[in-house]
Amino acid sequence: MDAELAALAVSGATTLVSLMVTDSWVRARALMGRVLARSGAETTVIADLDDARTRLLLTGAPAGEHATSGMADEWQSRLGRLV
């Protein structure tokens, strides 16, 4: 993958995980679900996003800590396949 595309996937995943703990999550979830569904990604993407958010909220860890880095890696991989 090109460095620019990899950087885009990293940035997107970090932003997505950061939004999971904000009031903007409902809108971000809907937009991300549409983008991933349109790309032919698996149809369970909304459930996966909800599961990731629940896991993140259960950890109680602020954004940027260890708990979020693994989740960001997971979504980076998914976004990387998309781009």
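Predicted model: local features only at pLDDT ≥ 70, side-chain atom pairs only at ≥ 80, totals over all residues.
Which residues in helix 1 are buried?

The protein has 4 helices and 0 strands. From the N terminus on, the order of elements is α-α-α-α. Of its 83 residues, 27% count as buried. Now the contacts between residues at least 6 apart in sequence. Of those, 67% join residues at least 24 apart.

Back to helix 1. The buried residues there are A9, A13, L16 and V17. They sit on the same side of helix 1, because the arc they cover around the axis is only 95°. Look at the face turned away from that buried side. There you find A3 and E4, both exposed.

Start with A13, which is found in helix 1. Its relative accessible area is 1%, under the 20% cut-off, so A13 counts as buried. What does A13 touch, leaving aside residues up to four places away in sequence? The partners are A72, W75, Q76 and L79. Take Q76. A13 and Q76 are 63 residues apart along the chain. Their C-alpha atoms are separated by 4.9 Å.

Next, T14. This residue also lies in helix 1. T14 has a relative accessible area of 40%, and that makes it partly exposed. In sequence, T14 and D73 are 59 residues apart.

On to helix 2. It has 14 residues. From first C-alpha to last it reaches 20 Å, close to the 20 Å expected at 1.5 Å a residue. Its buried residues are W25, A28, M32, G33 and L36. These cover an arc of only 130° around the axis, so they lie on the same side of helix 2. The other side of helix 2 has V26, R27 and R38, which are exposed.

Helix 3 next. Buried in helix 3 are V45, L49, A52 and L56. Their arc around the axis is only 65°, which puts them on the same side of helix 3.

Now the packing. Two packed helices are described by the angle between their axes and the distance between the axes. How do helix 2 and helix 3 pack? Helix 2 is residues 25–38 and helix 3 is residues 45–59. The angle is about 145°, and the axes are 9 Å apart. The crossing of helix 2 past helix 3 is right-handed.

Who makes the contact? From helix 2, it is W25, R29, M32, G33 and L36. From helix 3, it is V45, I46, L49, D50 and R53. By class, the contact residues divide into 6 nonpolar, 1 polar and 3 charged.

Compare those names with the buried lists. W25, M32, G33 and L36 are in the contact, and they are among the buried residues of helix 2. V45 and L49 of helix 3 are in the contact, and both are buried.

That is the tour. Questions, please.

Notes: Residues numbered from 1 in each chain as written. Heavy atoms only, no water. Axes fitted to C-alpha atoms, helices over the stretch in contact; angles between N-to-C directions. Helix = DSSP H or I, 4+ residues; strand = E, 2+ residues; numbered from the N terminus. Left-handed = near helix turned anticlockwise from the far one by under 90°. Contact = heavy atoms within 4.5 Å. Nonpolar A, V, L, I, M, F, W, Y, C, P; charged D, E, K, R; others polar. Buried < 20%, exposed > 50% of the residue type's maximum accessible area, 1.4 Å probe, protein only. Arc of directions from axis to C-beta. Expected span 1.5 Å × (residues − 1).
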